[in-house]
Amino acid sequence: MSLDTQWVLAWIKNSQQAISDARIELIDLDRKIGDGDHGENMDRGFVGVGKAIDKDEPVDIQSALKMVAKTLMSTVGGAAGPLYGTAYLRAAKACDGVEQLEANDVAALLEAALGGIQARGKATEGEKTMVDAWAPAAKAAREAADDGASAEDALHAAAAAAREGAEATKPMKATKGRASYLGERSIGHLDPGAVSSAILLEQAVEALDG
Ligand SMILES: Nc1ncnc2c1ncn2[C@@H]1O[C@H](COP(=O)(O)OP(=O)(O)OP(=O)(O)O)[C@@H](O)[C@H]1O
Ligand SMILES: [Mg+2]
């Protein structure tokens, strides 16, 4: 399967389902180092995205990602809403005129999303945020693209790196966002935003099988 409009629509639909399935998990993670709203926020956001897509099906990758951005921005709230909104908006911009993503485009999309998150939240790697999922994902996709990998393989590498990155937030001490209020006590828990990010990127891979 190619990474085209059908793929991006499948990615979005799968994301809605996967975030709904992970709602309790994300709530529990956010209860440990935040205020417990991340699962609820994300689920509300992706239900909104699903409705928006059903109402007015996007015709290309860019408009689909833009629709996700606008909906998440207006429905998720908290810290994650503007962060994810900016990520998908920058990702959309990176797909201007792209009908089918090649490995380079996958890397560019992820780099753009990461750039958006960092422009908005000012976090760098190691601060126990969603950056710790997106940064290794973008890097893995770029390395795969440079090695001549297919778009599918670049995406696979990115999703695996995002999951590893999310797992690696456990021993980190949070220095950004609400979790940073806990200082040392944030150590020993996964960052909810990094976990939701890994879930979303894994769904991009799942959508290839659809
Ligand atoms: N500055 C930041 N940069 C990147 N990611 C961040 C930043 N601040 C928070 N996050 C991410 O947002 C996630 C928390 O999202 P959530 O939806 O729970 O918002 P929140 O922290 O409850 O927001 P608020 O404090 O405004 O209610 C964290 O797990 C982290 O991954
Ligand atoms: Mg929260």
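## Around ligand 1

In what follows, Ala, Val, Leu, Ile, Met, Phe, Trp, Tyr, Cys and Pro count as nonpolar, Asp, Glu, Lys and Arg as charged, and the others, Gly among them, as polar. With that in hand, the shell around ligand 1 in this predicted model splits into nine nonpolar, eight polar and seven charged residues.

The shell holds 24 residues, and those that come nearest to the ligand are Gly78, Gly121, Thr129, Gly177 and Gly193. Two or more residues come from each of helix H3 (38-55), helix H5 (80-94), helix H6 (103-121) and helix H9 (192-209). Which element gives the largest share? That is H9, with three residues.

## The nonpolar core

Now to the largest nonpolar core, which has 72 residues. Val106, Trp134, Ala141 and Ala158 are the ones that touch the most other members.

Tryptophan 134 deserves a look of its own. Setting aside neighbours within four places in sequence, its contacts are Leu110, Ala113, Leu114, Ile117, Ala162 and Ser197.

## Two lysines with positive phi

The loop between H6 and helix H7 (131-146) contains lysine 122, and lysine 128 also lies in the loop between H6 and H7. Lysine 122 has a phi near 60°, a positive value in a residue other than glycine. For lysine 128, likewise not a glycine, phi is positive at about 65°.

Are these lysines buried or exposed? Lysine 128 is buried, because it has 28 other C-beta atoms within 10 Å, where 20 or more are needed.

Technical notes. Residues numbered from 1 in each chain as written. Chains lettered and ligands numbered in written order. Predicted model: local features only at pLDDT ≥ 70, side-chain atom pairs only at ≥ 80, totals over all residues. Core = buried A, V, L, I, M, F, W, Y, C linked by C-beta atoms within 7 Å. Buried ≥ 20, exposed ≤ 12 C-beta atoms within 10 Å, placed from the backbone. Contact = placed C-beta atoms within 7 Å. Near = placed C-beta within 6 Å. Helix = DSSP H or I, 4+ residues; strand = E, 2+ residues; numbered from the N terminus.
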